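User: I'm new to reading structures, and I'd like to go through this one with you. Can we take it step by step?

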Amino acid sequence: MRPEESIQLITGQGYWTPLLWMAAALGTLLLAFLFWSRGRRGYKRGTEQDLPFVSGEKVENPRLAATHLYWGFAEALRPVLRRLGAWHSGVVNDYAAWFVVILAVIFLLIMV
Amino acid sequence: MGTHAPILAIAVPLLGGFATPLVARISRVLRDFWVFAIALFVAVCVGFVAAQVFAHGVTVYVLGGRTPQETLAPGAFPIRIMLTVDGMSAFMGLIAGLLALVAFPFALRFIPEEEGKTLSFTLSLLLLAGIVGLAYTGDLFNFFVFLEVTSIAACGLIGFRTWTSRAPEAAFKTMLLYALSGLFFLMAVAFLYGEYGALNLAFLSRQLRGSALDRVALALFLSGLLLKVAAAPLHFWAPDAYGEAPAAKTLLLVVNTQVSLYGLWRILFTLYGGVLDAGVGWLVVAMGLLTMVVAAVMAVGQQDLGRLVAYGAVSQIGYMMLGVGVGLVTLAGRPDYALVALKGGVFHMLNDALTVGLLFLCVGAVEWVRGTRDLGELGGLGHGLPEVALFFLLASLALAGIPPLNGFASKILIYHGSFQLSPILTAVAVLASILLLAVFARAFQGVFLGPRVEVKPELPWSFLIPMIVSAVGIVVLGLVPGFFLEQVVTPAAEALWRGRHLYLAAVLGG
Amino acid sequence: MTVVVRTITRVLFPIALAFGAYVIMHGHLTPGGGFQGGAVAASALAMVVVAFGAGSLAKRKGLLSGLESLGGVAFAALGFLGLGVTFFANVLAGAGGLFGNPVPYGPNPGDLNTAGTLPLMNWAVGFKVLAGLGAAVLLFALFGGEHDR
Amino acid sequence: MIGNLPFVVCMILVALGLWTLVAKRNLIKLVIGVGLIQNGVNLFLVALGYVRGGIPPIYTLAPAGAPMVLPTPQALTLTSIVIGVATTALMLAFAVVIYRHKGTLDARKVRELRG
């Protein structure tokens, strides 16, 4: 096997090469660094410029727990989450009932 | 040792598991060495078997015969217990050996002495023996026995922390469903035995004619194994089990699920390979899609880090089912696409083992340091545990299929394979990946970023080395996927694809 | 438990153990074997637990778990004995030594000294089942006992 | 028809077991439901091996030429029984521990792990 084959992944519709992707990613990073280095440098450590910005409020403990994150995302998914959560009811009878349902479906699919 | 390697990989952990309590009576240090040595031995054995199988084709080992290769008793009827190892079995054994090498060292310090460390090692070694046995066995009844060995040992590990109220609950539910799955499997075996009077997989495969009884047995096999592999809507036990078992032992539970998946492929491709129609393939594809979407959405709402990762692990099962299911559907019509999809599905098993394994190791390390897994309380661990933060980030990116890590390499094969069948399948799979990325970015931010939190104990080397090994695996598999695809995955995928006649010929001749 | 139960247990305990040993020993000749014999012998332990309370055996838990491990190790080791040929190969059968007589053909009362490693494996399994089931019964009794009082 | 009666009984046992698992709420009864399915499957295996007019498969006691019932299903059944004992014991042990923690065996109340 040639060395470039050990990196390529031929999928039948094209190929995937991590090296090419890495080169592209490196270029993008370079670009990002360029933008970043053109930014303002007037920021002072240890002053209030250092503090995280939480909706303009002064907060004692600026720690964000994971449960606070993506609040809007979780809120938008809430109806789905509530229904799915109710589906995972925790009652073992329901789990067994789903087994019976799937058993019936498979029998219908295979025997008919 | 050469010819005996397949049976040694099963018998040595069995013997070692029974002997562990006796060794622990002598010395605890000796027990730790003993357990690690056995895990190492198993890894060497499965590696040896894999090298042999990939080089020379299907290997058969007959127990109690006059020679290891004497498969047919006088009268040309295979009655002996035998191990039949083809590319797919060898690949599955490799995964088991790899994760054993990762999980056992991690557990050495993770499980405190007073919490029954000896018992946990006994159960883990029995589970390992069951997993390798399941991968290598060549007859259906031993398949059932190993299925039950893994079930019982796995539930022992899940419900192991009896002083918490959650672990026994998870173990009870899991055991009930595992028992159900095993019993329906046994019923299917009984149907086939009643019809053909044999238990040997290869022999039965040659006899099957697709009669009504065969199809009843197929339905029972499917229902039993789909329950064991946690395919939605039969996945309810999986997050409970993965979440509540000690994190070091969850790795073995992940392999246990994967080996059940392997069993499903063995039944569908080898046993029923001659008589299967595309309907079953569509069933597998549909349940795979449902699994990945439902588990990814459920992961969004989780409050517990372990349970969140558990849902992520369940969603990965969906990708494997999608890849191999597409292969099953297109096997007759478009075999070239079937091979791509099969390679993707099979490759994803290896990648899933590494990434999910690393994630659970990180969960274990976080729990060990902070004593909690509640996402509302964790935060700022990245300052004290930069290595763990890095590994968690790496593994979650790989799980979500971000290039150039290994998860992407297998997912792109699955995407391209399934795109041929229907673009909708690919769209759903990509969507689930994006959802997972969001979920794990949130978990990473919440656990590791934020103001500094002091961490007391230093992480021991027995934690870091397994993590480094899996992380290196993730990166290397992502950077040179072609090499591993060619060397390891292709023999396994081809064993499913067109390897059935080789499997039958190795046992029955002709 | 009442004095009747206790007395009968005293009488039946050795008989149950002996019957269990008989079933294990003749496992290769008659119906039965390691598991069945072990279960019979474990029923003797269960009788003791019922008649004298779980406390009477609680100190022997370590012995039982050690015996169980030993049984498992012995069984797997007997499998390794055949490794010169194949795993589980019956190297003792027909070899003339321990359990090594050739099996007589035709209707006959059976020769105990046959079947090679099988009787040894029956003994290993018997001990494992005796200890395992005994420990399970004992643990359940200990569980209940603490809670009820 | 009468020869199929054992199989009908097996299927009734399995169906009863499944019904128990779905409809009964007590954890101990759920274990009994699994036991019913076990017995149904074991009976099925033994019934498969029966040969009409067959004698027990012991060579040393058999008159020459007599038909024997198949020994393999009996070995399978025995193994399955052994596994069933282990499963049942494990589940009962977990039920005991659950009762200690939560003070109930009602499946509707044992649902700390949900969602």
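This is a predicted model: local features need pLDDT of at least 70, side-chain atom pairs count only at pLDDT 80 or more; totals for chains, interfaces and linings use all residues.

Analyst: Residues are numbered from 1 along each chain as its sequence is written, chains are lettered from A and ligands numbered from 1 in the order in which they are written, and side-chain values use heavy atoms, leaving out hydrogens and water.

User: What area is buried between domain 1 of chain B and domain 2 of chain B?

Analyst: Contact means heavy atoms within 4.5 Å, and here it takes 41 residues from domain 1 of chain B and 44 residues from domain 2 of chain B. Buried area is the accessible area (1.4 Å probe) that two parts lose on being put together, summed over both. Carbon and sulfur atoms give 79% of it, and the total is about 3700 Å².

User: How many salt bridges cross the interface of those two domains of chain B?

Analyst: A salt bridge needs a side-chain nitrogen of Lys or Arg within 4 Å of a carboxyl oxygen of Asp or Glu. Across the interface of domain 1 and domain 2 of chain B, that rule finds 3.

User: Which two chains have the most contacts among the pairs that touch?

Analyst: There are 5 pairs of chains that touch. Chain A and chain C are not one of them, as their nearest C-alpha atoms are 23 Å apart. The most contacts are between chains A and B.

User: And how many salt bridges are counted between chain A and chain B?

Analyst: In this interface, 42 residues of chain A meet 62 residues of chain B. Together they bury about 4700 Å², with 80% of it on carbon and sulfur atoms. Still, the salt bridge count between chain A and chain B is 0.

User: What pattern does chain C follow along the sequence?

Analyst: Helices (H or I, at least four residues) and strands (E, at least two) are DSSP runs, numbered from the N terminus. Chain C has 5 helices and 0 strands. Read along the sequence, its pattern is α-α-α-α-α.
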